[in-house]
Amino acid sequence: MNEEQNQVLEWNKSMSVGNELLDNQHKQLLKQIGVLKFALLSGDAVERLREIGEFLENYIKQHLSEEEKYMLEYNYPGYENHKKIHDWARQKFAELLARFFNENEDKMQLAKDVERYLHDWWINHITVEDKKYADYINKLKVGQKNTNNTENE
Ligand SMILES: [Fe+2]
Ligand SMILES: [Fe+2]
């Protein structure tokens, strides 16, 4: 692994959860994490880091609750477990993002932690945990279509 690597893995079709809104949020999340990582590595001003950090924090919160709503809507049986993972993430990200407000923070260390807890965590979460509700709900949707041709959304 190259530490100087500025690129981050972007969203691709294999990560799709079958819901346009959530897919777009995942896309945007990964993109903004890339922006943040680049800003850290290129030594951007604390003000700028804070701005991107705050945007991400809000965006993450919004995404997690949107996703929880979606799982509840379809009575996804893994909801409780998924919610626990989200709660852990909420706390972890709040801790991480609090460090953006600290001027004395080592930016290189922060960049490494962003990589680990934001980027790697998200990729893993989307491809493993989110994929589980996606498979369940997508199957359910196919079943609904087969038994009922009229779409009631
Ligand atoms: Fe997600
Ligand atoms: Fe999730």
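Author: Helices (H or I, at least four residues) and strands (E, at least two) are DSSP runs, numbered from the N terminus. This is a predicted model, in which local features need pLDDT of at least 70, side-chain atom pairs count only at pLDDT 80 or more, and totals for chains, interfaces and linings use all residues. Residues are numbered from 1 along each chain as its sequence is written, while chains are lettered from A and ligands numbered from 1 in the order in which they are written.

Reader: Where is the place of Asn-75?

Author: Asn-75 sits in the loop between H2 and H3. Most residues other than glycine have a negative phi. Asn-75 is not a glycine, yet its phi is positive, about 50 degrees.

Reader: Is Asn-75 buried or exposed?

Author: A residue counts as buried if 20 or more other C-beta atoms lie within 10 Å of its own, exposed if 12 or fewer, and partly exposed in between, with C-beta atoms placed from the backbone. Asn-75 has 10 other C-beta atoms within 10 Å, so it is exposed.

Reader: Which residues of H3 are buried?

Author: They are His-82, His-86, Phe-93 and Leu-97. An α-helix has 3.6 residues a turn, so residues three or four places apart point the same way. Seen down the axis of H3, the buried residues fall within an arc of 40 degrees (taken from the directions from the helix axis to the C-beta atoms), so they line one face of the helix. Their cover includes H2 and H4. The other side of H3 has exposed residues, among them Glu-80, Lys-84, Trp-88 and Glu-95.

Reader: Which residues touch the most other members of the largest nonpolar core?

Author: A nonpolar core is a set of buried Ala, Val, Leu, Ile, Met, Phe, Trp, Tyr and Cys residues joined through C-beta atoms within 7 Å. The largest one here has 16 residues, and Ile-33, Leu-36, Leu-40, Leu-56, Val-114 and Trp-122 touch the most other members. Helices H1 (20–41), H2 (46–73), H3 (79–98) and H4 (107–147) each supply at least two residues of this core. H4 gives the most, with five residues.

Reader: What does Leu-40 touch?

Author: Two residues are in contact if their C-beta atoms, placed from the backbone, lie within 7 Å. Leaving aside residues up to four places away in sequence, Leu-40 touches Leu-49, Lys-107, Leu-110, Ala-111 and Val-114. Leu-40 belongs to helix H1 and is buried, because 24 other C-beta atoms lie within 10 Å.
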